[in-house]
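Please keep the sequence and the structure open while you read this note.

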Amino acid sequence: LGLSFLSGFFHMKSRSYRISKSHQELLIPPTPCRARTNVMFLKTHKTASSTVLNIMFRFAERYNLTVALPADQLFHLGYPRTFVAHFVEGFETIGQNYNIMCNHLRFNPLEVKKVMAANTFYFSILRNPIPLLESSYIYYKDYVPAFRSSKDVNEFLESPTKYYHPADYRKNIYARNIMWFDFGYDNNAEDDTNYTQAVLEEIEQNFHLILIADYFDESMILLKHTLCWDLDDVIYFKLNSRSQDTVQTLTPESEEQIKAWCSLDWKLYLHFNQSFWRRIEETIGLEVLQKEVDHLRTRQKELMETCLSEQEAVRKDHIRNKALLPFQSGAANILGYNLKQGLDNTTLRACQKMVIPELQYTSYLYAVQHPHKKRKDVGLPLLWTNLQE
């Protein structure tokens, strides 16, 4: 009984307590909450979602959870095709017994529910479409026909329809309303008030929480509270970011054009940016939020001092261990990290998990969960040559 009590204690955290007054003040025991371990994260594009994926993978390992990983050699769950359950490795045998889903997919609620438990918590993240489109332009420059044939992002935005052809929609999805597309909707749909309102309401029904990348630390605190996780469950080093010298400055005209060209994404962002702050005010409060954000940043700084030799991300050609080299795309210089020398094994493993890029982490978890399958090939040296390491 004592062991059972202790086990429960370590998996529950207090939220608040109530004071009841009669002849004397009585302290009523805190209402416990249990950490949510069935979680689906819709990983949207260019929204700091790679950092969230790293958080999800580390949480899964900490609690020995099963992750719904892409089948065979793929690193995404069928994207840009609409998700179906058999895109998940082992679905035919494992069935509805996955705890975590967080790799890229195009959302399809009925098929996702075949994979995830009935009590799964659904969340996603959005980003202001103005910096998002500029980021997409640089990252997908060589892949997207609409971007490839224009000189720079401002030239593209001067006349998007000159470069963008809906017939190439599978490759051009990154050039218009990409978040709308990721949520499973037509990114070329007409911006009709009744239609957009219906979609926003449907997203609210499908997702318990929508975070905002522009307020990432605040988002992590809200996520921590909502899922009843610990601070170290949401601590992070920024992943898949790019060097500042690859950022193109948008003209004021271009910024306004994005609001019109990506009007579906713009409405999506405005709507959930409002609900995000409303949720914070209703559950945490701005004063507590700021204190916890400060705490998160202090903890993050401690870990950077412990783990990193440069205390910051470095350019791709400065990454010493090629096993930690992030995937490079377009004109972006995707940054990575160098770890300190001489770390003890436990600290080294914890630091490695915080900086390992998305593809390498997916490949590693796949090898852990499906040891009899061929490991996903990243085309880079392995960080760990065997699973015991």
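1. The disulfide of Cys307 and Cys351 is left-handed, with -75° about the S-S bond. It joins distant parts of the chain: Cys307 sits in helix α15 (residues 286-307), Cys351 in helix α16 (residues 345-355), and the two are 44 residues apart. Their sulfur atoms lie 2.0 Å apart. Keep in mind that this is a predicted model.

2. Are Cys307 and Cys351 buried or exposed? Buried means under 20% relative accessible area. Cys307 has 1%, so it counts as buried. Cys351 has 2%, so it is buried too.

3. The structure holds two disulfides. The other pair is Cys33 with Cys228, again with sulfur atoms 2.0 Å apart. This link is right-handed, at 75° about the S-S bond. Cys33 is in strand β4 (residues 32-34), while Cys228 is in the loop between α12 and α13 (252-261); 195 residues separate them. Cys33 is buried at 18% relative accessibility, and Cys228 is buried at 2%. Number the bonded cysteines in sequence order and the pairing reads 1-2, 3-4.

4. Two further cysteines deserve a look. Cys102 is buried, with 0% relative accessibility. Cys262 is buried as well, at 3%.

5. Now the sheet. In what order do its four strands run? The order is β6-β5-β7-β8, in an open sheet with parallel pairing. The edge strands are β6 (100-101) and β8 (209-212), and each pairs on one side only. Helix α2 (residues 49-62) packs on this sheet and touches β5 (39-42), β6 and β7. The direction of α2 makes about 165° with that of β5. Helix α12 (residues 216-227) lies across β5, β7 and β8, at about 155° to β8.

6. Go through the pairs one by one. Two bridges join β5 to β6, and there Val39 has Ile100 as its bridge partner. β5 and β7 pair over four bridges, with Val39 opposite Phe121. β7 (residues 121-126) and β8 also pair over four bridges. Here Leu126 stands opposite Ile212.

7. Look along β5. Val39 and Phe41 point one way, Met40 and Leu42 the other, and all are buried. In a regular strand, side chains alternate between the two faces of the sheet.

8. Next, the core. In soluble globular proteins, nonpolar side chains tend to be buried together. The largest nonpolar core here has 123 residues. Met101, Val115, Phe123, Phe156 and Met220 have the most contacts inside it. What does Phe123 touch, leaving aside neighbours within four places in sequence? Its contacts include Val39, Met40, Phe41 and Leu42, and also Val52, Met56 and Leu223.

9. Finally, two polar side chains in helices. Thr196 is in helix α11 (residues 193-206). It is buried, with a relative accessible area of 4%. A polar atom of its side chain lies 3.1 Å from the backbone oxygen of Thr193. Not counting residues up to four places away, Thr196 touches Trp180, Asp191, Leu264 and Lys267.

10. Ser275 is in helix α14 (residues 263-283). Its relative accessibility is 18%, which means that Ser275 counts as buried. The side chain of Ser275 reaches the backbone oxygen of Phe272 at 3.1 Å.

How values were computed:
Residues are numbered from 1 along each chain as its sequence is written. This is a predicted model: local features need pLDDT of at least 70, side-chain atom pairs count only at pLDDT 80 or more; totals for chains, interfaces and linings use all residues. Side-chain values use heavy atoms; hydrogens and water are left out. A nonpolar core is a set of buried Ala, Val, Leu, Ile, Met, Phe, Trp, Tyr and Cys residues joined through side-chain atoms within 4.5 Å. Buried means under 20% relative accessible area, exposed over 50%, partly exposed in between (1.4 Å probe, protein chains only). Contact means heavy atoms within 4.5 Å. Two strands pair if DSSP finds at least two bridges between them. Axes are lines fitted to C-alpha atoms, for helices over the stretch in contact, and angles run from 0 to 180 degrees between N-to-C directions. A polar contact is a pair of N or O atoms within 3.5 Å; within protein, one must be able to donate a hydrogen and the other to accept it, and residues adjacent in sequence count only if both atoms are side-chain atoms. A disulfide is a pair of cysteine sulfur atoms within 2.5 Å.
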